Amino acid sequence: MKELKRTDRLTIISILVVAVLAIGYFTLRTPDVRFTRTVRESIPLITAGQDLISPEKVAKLAGIGDAAYYIIDLRSPIEFHKSHIPDAVNIPAQNILDPDNQSLLKKLAEQSKTVILYSQDQVQANSTWILLKQIGFDHINVMPGGFQYYSSMNTDLNNLNEVRGFTM
């Protein structure tokens, strides 16, 4: 009798294990985003610093609406509506990997447009930049200092541009 109870327990446990594995297998899905670069391949890109674009240059590009550049504000929609760089588009950092945004980035790459990322400070833009680089986007730049730095020097930029005869 004890032997029969032990067999019943083992059978029940085996059925539960198989059920959990089957549920796991059938609900498993492939990731939507695949990394095309390893960490070793990404480190030289990070340390090179070649994908930085100065706030002064961004101010000039935003003022003339240069079609070769696409400026993305990674802040929240509330912060974006309070103030943002002219011609910038708001895509919050947490939504950058949404399918629509990925297809937008692919379309911009096909058009050879350079994407400029900025956030309130440079940290959030850097992490988004690294993620996009590892996914395989090569046309991404970051504005150092973020919007905080840009807005603090905005008055100086306007005065400098007026002296040079450049109007924003």
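**View 1. Strand 3 and strand 4 side by side.** In this predicted model, strand 3 (residues 114-118) and strand 4 run parallel and are joined by three bridges. To find your place along the pair, look for Ile116, which stands opposite Asn141 in strand 4.

View 2. Now take in the open sheet, which has four strands in the order 2-1-3-4, with parallel pairing. Strand 2 (89-90) and strand 4 (140-142) stand at its edges; each has a single partner strand, so one side of each is left without a neighbour in the sheet.

**View 3. Helices against the sheet.** Here you can follow helix 3 (residues 55-64), which lies across strand 1 (69-73) and strand 3. Helix 3 runs at about 110° to strand 1. Helix 5 (residues 99-110) also packs on the sheet, where it touches strand 1, strand 3 and strand 4. The direction of helix 5 makes about 155° with that of strand 1.

View 4. Ile71 has a relative accessible area of 6%, and because the cut-off for buried is under 20%, Ile71 counts as buried. Leaving aside neighbours within four places in sequence, Ile71 is in contact with Val58, Ala62, Ile85, Pro86, Asp87, Ala88, Val89, Ile116 and Tyr118.

**View 5. From Ile71 to Val142.** Finally, pick out the C-alpha atoms of Ile71 and Val142, which are separated by 9.7 Å. Along the chain, Ile71 and Val142 are 71 residues apart.

Conventions
Residues numbered from 1 in each chain as written. Predicted model: local features only at pLDDT ≥ 70, side-chain atom pairs only at ≥ 80, totals over all residues. Heavy atoms only, no water. Pairing = 2+ DSSP bridges. Helix = DSSP H or I, 4+ residues; strand = E, 2+ residues; numbered from the N terminus. Contact = heavy atoms within 4.5 Å. Axes fitted to C-alpha atoms, helices over the stretch in contact; angles between N-to-C directions. Buried < 20%, exposed > 50% of the residue type's maximum accessible area, 1.4 Å probe, protein only.
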